[in-house]
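Subject: Structure handover

Hello,

Here is the structure for your files. Please open it first, then read the notes below it.

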Amino acid sequence: MRAIGQPLLQFDELDSTNSYCKRCAVRLPHGAVVMARSQTSGRGRSGRAWTSPDAGLMFSVLLKEELPSPVQTLPLRCALGVREALAAYVDCGIKWPNDLIVDGKKLVGILCESGVCGAEAYAVCGIGINLDFGSAPRPVSYATDLRVLTGRVPDRMELARAAFSALDRVFASSWTALLPSYRAACVNLGRSVRLEDGREGTAEDLDETGRLLVRCEDGLVAVGAGECQVQGVYALGSGGGSDGTSVSSGL
Ligand code: BTN
């Protein structure tokens, strides 16, 4: 099996590394990484845009042949892997399913998408790490970057290589083996959650497919990404209330 990042395709500008990866999924091999210094149509979850004016490390990993099982854990595995790569610089929490946050602000966004080419299923894991917004406006009030958090910007390729090898490990591990580290890093456990149907409860744990187990008045409910909103994790600037962040993923 090829390692993540072989080959590594680098561009100054793309519409979106995820979109490029999907367009080229037929001809690119398992493990290929597509990286761009800037994106003209960077995509986030729930149809949102991802803007990062030369301020980030942005790449997408193509997985074919062997997708981690169960596949719904892919976004959570990505969060764990990138968290591990960033551990040399900063200690991140994971906002279920896959945002990395520090001091209540978002440092990393992840968009996992799936597709089919021929008879083969594939997945694209898109990762955006905020390195340094400088004087550029933050895309959302609750975004942060590594410069603000650590006073320095790591070498882009060094961080990328660390992420590739951490992703290699989390893709190859069983979810059962990863779950204790995910639990320990997950900032939602013990916090309130609003389900799509209006019920509210407290996030208690995660199950074997990466769903959030929410204790509601009428019992324990397992929710997948996109079926609930986790509350009160992001520290918002003025005008903020509940973070109300949608948590859907493409998987
Ligand atoms: C989110 O938090 O909403 C997910 C953001 C994912 C952004 C990354 S940047 C690299 C890759 N290409 C994209 O168009 N999106 C992902």
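A polar side-chain atom of Lys-106 is 2.5 Å from one of the ligand's oxygen atoms. The protein covers 99% of the ligand, which has 410 Å² of accessible area on its own. Accessible areas use the Shrake-Rupley method with a 1.4 Å probe; for residues, only the protein chains shown count as cover.

Some ground rules. This is a predicted model: local features need pLDDT of at least 70, side-chain atom pairs need pLDDT 80 or more, and totals for chains, interfaces and linings use all residues. Residues are numbered from 1 along each chain as its sequence is written, and side-chain values use heavy atoms, without hydrogens or water.

Back to the contacts. Ser-16 has a side-chain N or O atom 2.7 Å from an oxygen atom of the ligand. Gln-39 places a polar side-chain atom 2.9 Å from a ligand nitrogen.

The shell around the ligand has 20 residues (a heavy atom within 4 Å). Nearest are Ser-16, Gln-39, Arg-43, Arg-45 and Lys-106. By class, six shell residues are nonpolar, ten polar and four charged. Here nonpolar means Ala, Val, Leu, Ile, Met, Phe, Trp, Tyr, Cys and Pro; charged means Asp, Glu, Lys and Arg; the others, Gly among them, are polar.

Which strand gives the largest share of the shell? Strand 6 does, with four residues. Helix 1 (17-23), strand 3 (56-63), strand 6 (105-117) and strand 7 (120-130) each supply at least two. Helices (H or I, at least four residues) and strands (E, at least two) are DSSP runs, numbered from the N terminus.

A pocket, on a 1 Å grid over the protein atoms alone, is an open set of points for a 1.4 Å probe, with protein on both sides within 12 Å along at least five of seven lines; lining residues have an atom within 4 Å of a point. The largest pocket holds about 380 Å³ of space. That volume is the space filled by probe spheres set on the points, which are joined across faces, edges and corners. Of its 26 lining residues, Arg-43, Gly-44, Ala-49, Trp-50 and Lys-106 are closest to the centre. The lining has ten nonpolar, eleven polar and five charged residues.

Finally, the backbone. Most peptide bonds are trans, and most residues other than glycine have a negative phi. Gln-6 and Pro-7 are joined by a cis bond, omega about 5 degrees. Ser-69 and Pro-70 are too, with omega about -10 degrees. Ser-46 has a positive phi, near 55 degrees.

Best wishes

Key. Polar contact = N/O pair within 3.5 Å; in protein donor to acceptor, adjacent residues only side chain to side chain.
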